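Work through the exercises below with the model open. Try each task before you read its solution.

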Amino acid sequence: MKLLIKGGRVIDPSQGLDEEKDVLIEKGKVAALLPPGEKVSGAKDLDAWGGWIVPGLIDMHVHLREPGEEYKETIASGASAAVAGGITAVACMANTKSANDNASTTDYILEQAKTAKKARVYPVGALSAKLEGEGLAELGDLVGHGCVAISDDGRPVHNPLLMRRAMEYCLALDVPILDHAEVLELSAGGCMHEGEVSTELGLTGIPEAAESAMVARDIILAELTGAPLHIQHVSTAGSVRLIREAKSRGVKVTAETCPHYLALDHEAIRQYGPDFKMNPPLRTKDDQDELIRALADGTIDALASDHAPHSLVEKEVEFDLAANGIVGLETILPVTLELVIKGKITPSRWVELLSVNPARILGLKSGTLAEGAVADVTIIDPEQEWTIDKNKFYSKGKNTPFHGREVKGRATAVIIDGKVVKP
Amino acid sequence: MALKIKSLLDMDGLDREDITTILDTAESLKGISKRPIKKVPTLRGRTQVNLFFESSTRTKTSFELAGKRLSADVVNFSSSGSSLSKGESLLDTVKNIQAMGPDIMVIRHGSSGAPHMISRMVPTPLINAGDGSHSHPTQALLDMFSVREKIGRLEGLKVVIVGDIANSRVARSNIRGFATMGSEVWVCGPPTLMPPAIEKLGAKKSFDMDEVIKDADIVMMLRVQLERGSGTRFPSLREYSMRYGMNMDRLKSTPPNAVIMHPGPVNRGVELSPDVADGPRSIILDQVENGVAVRMALLYLLCGGANETSD
C-alpha cells in the first residue's frame with residue numbers, strides 16, 4: 001500500500017532539504033521524494049495543506065512510569081500523548097518502580113509499547129542496579145534486549161569511579177550514557193533555583209553550580225574514556241560554557257535542554273505553584289538567553305521534554321513537598337516552535353533539534369526522510385493557533401506549567417512505520 | 001478605617017497606609033489587656049480557627065488571647081508533621097475546617113508558601129502566623145509597633161538584624177516592613193547564613209557586627225538554630241557567639257539609646273547574653289506584650305469588625 005504526502009514543505013536537514021516536495025511512502029519506507037503534484041498510481045493521498053513535512057519528531061527524554069506507577073502514566077497513555085503531540089518516538093527513562101535495570105523489564109516495556117501501537121518506545125537501561133549508584137547494572141543484557149542508551153536519570157551518578165567504569169563499559173556496547181548532572185550535596189533540600197527569587201520566597205535554593213560542577217566532572221571523565229556522553233536537561237549558562245568548550249576540543253559530548261527552561265524562568269514560582277517545580281529548576285533570564293544561543297550555535301544538540309507525569313497526590317501539596325517534574329509530550333512542539341517564530345532558530349535547525357540529532361545520538365534509523373529510510377513522519381501546521389488545555393491531554397499527567405498558554409503550531413498527522421497513527 | 005488587603009499573607013501586600021492603620025488600631029486596643037476585665041464584645045459570634053501545622057508556644061497563645069479578648073470563639077487545631085506523613089493533605093484538612101464555617105483562619109506552617117496555596121482554595125480571610133523561611137508578618141508588625149512605641153517613630157531609624165538571615169522568616173518580614181516605613185535596614189551574620197541577593201528585599205548587608213552596630217538605633221538578634229553549629233554553616237556555637245553574639249561589651253559600643261530586640265525564644269548565652277536579655281535596653285517582653293495588641297488589631301480589621309464600627 002502506497003501513501004503520498006502532498007502539498008507540503010519538506011524540511012529535512014539530514015539531507016539539507018527545505019523545499020516543496022511530495023513524499024511517497026511504500027512498505028513502511030520512504031520510497032521517493034517527488035516534485036510537487038506528480039501523479040503516482042495506486043497511492044492514497046494525504047494532504048499536508050501547505051504545512052511542514054518533517055522526519056518524525058523524537059523526544060529522547062520521557063518518563064512513562066510503567067511498570068509500577070500506572071496511576072501516573074502507562075506506556076500506552078504516554079505513547080498516545082506522544083502521538084497527540086506530534087512525536088513519533090520516545091526514549092523512556094529507567095527510573096520506574098521497579099527500575100529498568102534488567103532485561104525482563106526491558107522486554108516488558110517493549111511488549112507494552114507494541115500492544116499500544118502508538119509512538120515508538122525506546123527503553124533506556126539503568127546504569128546501576130536499582131539506580132542505587134553502587135555497581136553496574138547488566139548493561140550488555142539491557143542493550144541486547146533493546147535499550148538504546150544507559151542512564152540513572154532522576155539521580156546523578158555520585159561515584160566518579162562508577163561513572164568512569166560505566167563509560168568504559170559502554171564503549172563495547174556502542175550506546176551513549178545519558179547524564180543527569182547534579183551534585184546532591186549542593187542541591188540538598190533545594191526546591192527552586194538559588195537566587196533573588198528563592199531568597200524572597202524563603203525557599204531553599206539549588207545553585208547553578210549543583211549542575212555545572214557535575215557537568216565539568218563528567219566531561220573530564222568522557223575525555224578520559226573517549227566514551228560518548230550526553231548531558232540531559234541542561235538548565236544553566238555555566239553548563240553551556242563547559243559543553244561549548246569541551247566540544248571545541250573534540251570531546252564526544254552532546255546535550256539537550258527542555259522547553260520549560262526556554263519559555264519560563266524562576267520568576268514563575270512567585271505564586272508557589274507546584275506545576276512550576278522540576279529538577280533541575282527553572283533558572284534565570286540570563287540562563288535562558290544562553291540556552292537559546294546554545295541551541296542556535298550547535299552547543300546544545302537536542303530538545304527533549306523530560307515528560308514527568310504526576311498525579312494530584314504528589315502535586316497538590318506544599319511547594320517544598322511537591323514532586324519534581326512536569327508533563328511535556330503534548331506541549332513540546334508549540335512551546336519550542338516559539339523560538340522559530342521569534343527568529344531565534346531556523347525551521348531546519350528546529351527539526352535537527354527534535355528529530356535528526358536525537359536519532360543520531362541514540363543511534364536510531366529514523367530522523368531522516370532520505371529514500372529508503374523508515375517512514376516516520378510528522379506533518380505540522382505551523383500557523384495553527386490554539387490554547388493549551390491540560391484537560392484535553394492524552395497523558396494521565398495534567399501537571400503542566402503551560403495550561404492556558406496561547407501557542408501557534410500543531411501536528412496535523414503522525415506517520416509511524418508508513419501508517420497514519422491517531423492518539 | 002479598613003485595610004486594602006483581605007488576608008495577611010506576607011508583608012508584600014502592605015503599604016505604609018495599611019501598616020499605619022494596623023499599628024494605630026493596635027495602640028487603641030492595647031489598653032484592653034490592662035483592664036481588670038480583659039474582654040470586649042467586638043468579635044462576639046465570630047469564629048477564629050488557629051491552624052498550627054508547626055509547633056509554637058508564644059505565637060499560638062498570643063493569637064488565642066487576642067481572639068478571646070475580642071470575644072471571638074477561638075478553636076485551635078494543631079498538627080505536626082507534613083501532610084504527606086499524616087495521610088491527609090493540607091488542602092483536605094483546610095477544606096474540612098472551611099466546611100465548618102470559620103470567619104477567619106490563622107495559619108502557621110513549616111512550608112514556605114503554604115498560606116498562599118490555602119488562600120487560593122478557600123474564601124475565608126487568612127492571617128499568616130509564619131510560613132517556613134518565608135514570612136512572619138504579625139511578628140514584623142509587633143516589632144514595628146514596639147519600636148514606634150519606644151522611640152516614637154520608624155522613619156530614619158537604623159535597624160540591624162543579626163543572625164541566620166537565610167532561614168529567617170522574621171528577618172524577611174522585618175526587612176520589608178521597616179523599609180516600607182522608611183527605616184534603614186541592615187542584615188548582619190556570617191556569609192554562610194546570608195541568602196543571595198538579600199539587598200533586593202531592601203536591606204544592606206554586613207558581615208562585621210562590631211562595625212554595623214556602632215550607630216544602630218535597633219539591634220534585632222535572631223535565634224540561631226543550634227543544630228546548625230559544627231556543620232558547614234559555622235564552626236561552633238562558641239565561635240558564633242564570639243563573632244555574632246550580643247553581650248555587654250558589644251552593647252557598650254552601641255549608642256546609649258539603642259534598643260535590643262529578639263523574636264524569641266532566646267538561646268541564652270548564644271546569640272544573646274542573659275545580662276543583655278534581661279537588661280534595661282532590652283524590649284523583648286514589650287514585644288511579647290504588644291504581640292497580643294497587634295493580633296487583636298488584625299483580627300478586628302480582617303474579621304469584619306472594622307466594617308461595623310458605626311453601630
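How many residues of chain A are in contact with how many residues of chain B?

**Solution.** This is a predicted model: local features need pLDDT of at least 70, side-chain atom pairs count only at pLDDT 80 or more, and totals for chains, interfaces and linings use all residues. Residues are numbered from 1 along each chain as its sequence is written, while chains are lettered from A and ligands numbered from 1 in the order in which they are written. Two residues are in contact if their C-beta atoms, placed from the backbone, lie within 7 Å. On that rule, 16 residues of chain A touch 24 residues of chain B. The chain A side holds 6 nonpolar, 4 polar and 6 charged residues. Here Ala, Val, Leu, Ile, Met, Phe, Trp, Tyr, Cys and Pro count as nonpolar, Asp, Glu, Lys and Arg as charged, and the others, Gly among them, as polar.

**Exercise 1.** Compare the radius of gyration of chain A with the value for a compact globule.

**Solution.** Take the radius over C-alpha atoms; the globule rule is 2.2 Å times the number of residues to the power 0.38. For 423 residues the rule gives a value near 22 Å, and chain A has 20 Å, which agrees. Next, the extents: the C-alpha trace of chain A spans about 65 × 45 × 45 Å along its principal axes. Then the elements: chain A has 13 helices and 18 strands. These are DSSP runs, numbered from the N terminus (helices: H or I, at least four residues; strands: E, at least two).

**Exercise 2.** Find which strand gives the largest share of the side of domain 1 of chain A that touches domain 2 of chain A.

**Solution.** Start with the bounds, which come from an automatic or database domain assignment. Domain 1 of chain A is 2-52 + 374-420, and domain 2 is 55-362. Their centres, over C-alpha atoms, are 25 Å apart. Now the contacts: 28 residues of domain 1 of chain A meet 40 residues of domain 2 of chain A. On the domain 1 side, β1 (2-12), β16 (377-387) and β17 (406-416) of chain A each supply at least two residues. The largest share, 7 residues, comes from β17(A).

**Exercise 3.** Is helix α6 (residues 137-151) of chain B largely enclosed or open?

**Solution.** The expected span is 1.5 Å times one less than the number of residues. For the 15 residues of α6(B) that is 21 Å, and the end C-alpha atoms are 21 Å apart, which agrees. Count burial next. A residue is buried if 20 or more other C-beta atoms lie within 10 Å of its own, exposed if 12 or fewer, and partly exposed in between, with C-beta atoms placed from the backbone. In α6(B), 12 of the 15 residues are buried, so the helix is largely enclosed by the rest of the structure. Among them are B:Leu141, B:Phe145 and B:Arg148. The cover includes α1, β4, α7 (169-180), β8 (218-221), β9 (259-261) and α12 of chain B. Just after α6(B), B:Gly152 takes a positive phi of about 95°.

**Exercise 4.** Which residues of β8(B) are buried on each side?

**Solution.** B:Ile218 and B:Met220 are buried on one side, B:Val219 and B:Met221 on the other. Now place the neighbours. Two strands pair if DSSP finds at least two bridges between them. Strand β5 (residues 158-162) of chain B pairs with β8(B) in the parallel sense over 4 bridges. B:Val159 stands opposite B:Ile218. β8(B) also pairs with β9(B), parallel, over 3 bridges. There B:Val219 stands opposite B:Ile260.
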